[in-house]
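Me: I would like to go through this protein step by step. Can you take my questions one at a time?

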Amino acid sequence: MSLRPIALSALLSLSGSAFSACTEDAPAKPANSNGVPNRTPTYVADQVKSYNHDTGAFTQGLVWHDNKLFEGTGEIGHSSIREVELVTGRVVRKRDLPSPHFGEGIVILGENLYQITWTTHKAFVYDWRTFNPKKEFRYDGEGWGLTTDGKSLIMSDGSSAIFFRDPNTFEVTRTISVLDNDVPVTQLNELEWVKGEIWANVWMSDQIVRIDPADGKVTGWIDLAGILPPMDRTGSEDVLNGIAYDAENDRIFVTGKRWPKLFEITLKQRS
Ligand SMILES: [Ca+2]
């Protein structure tokens, strides 16, 4: 997302609640007799491999599919869908999304690549193999992140809600609220389905939240603070955003908006 006045206050409220919980380093324990909630497990990157990433890509969606990497970028006049070569970061092919649209999350389901937009209420559907447009849907509210469990489209809108949508009609079929020990987690941005969980970038932070898709409960946090080393900072990079999961090879990729690097990470629980 771009900066908006509401964001900072929302983040500040978050930093006083869920964020403080997520930085605790004790593993989950049962609630005690005083009703103090469980501490939520926090994970950090263990092994990290780095690849190149296009610093012109304002990353809003990241997907691994058919052994290829796809990326959706944002900003009005610079939005696109792309196939990207992992190691070099080279853009193999791309299709621009014209003004006034601001591209957001992307996902591939079946033959379709879906791309949502921030505030123009349009979802665009392309043939993922050719990037040829197929159809469009209209939806209410904002579009931020997008992923799939293989059946539904799963979408965020910057709030603590996650919407399950019918891929054929784009109608909402189910909504969950994301709660960490009963505290709403807002600013949910780019999404990824990882081994039965929804992972979400939390906007304006280096945190990824892990969510149980059945009830919205937070199962863990991934703290990636500092993953982009100072030497790789260009001064023009923006926040961490973009998670792709290669299910065949169990590989996790993350990057950020205009970051010069894309990372393949493994996780370990913070001890
Ligand atoms: Ca993703």
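Me: Which residue of strand 8 does Gln115 stand opposite?
Reply: This is a predicted model, where local features need pLDDT of at least 70, side-chain atom pairs count only at pLDDT 80 or more, and totals for chains, interfaces and linings use all residues. Residues are numbered from 1 along each chain as its sequence is written. Strands are DSSP runs of E, at least two residues, numbered from the N terminus. The residue of strand 8 opposite Gln115 is Phe124.

Me: How many bridges join strand 7 to strand 8?
Reply: Two strands pair if DSSP finds at least two bridges between them. Strand 7 covers residues 112–117 and strand 8 covers residues 122–127. They run antiparallel, and the number of bridges joining them is five.

Me: Is Asp250 buried or exposed?
Reply: Asp250 lies in the loop between strand 20 (240–246) and strand 21 (251–256). Buried takes 20 or more other C-beta atoms within 10 Å, exposed 12 or fewer, and partly exposed is in between, with C-beta atoms placed from the backbone. Asp250 has 10, so the residue is exposed.

Me: Which residue does a cis peptide bond join to Ser99?
Reply: Most peptide bonds are trans. Here omega is about 10°. Joined to Ser99 is Pro100.

Notes
Helices (H or I, at least four residues) and strands (E, at least two) are DSSP runs, numbered from the N terminus.
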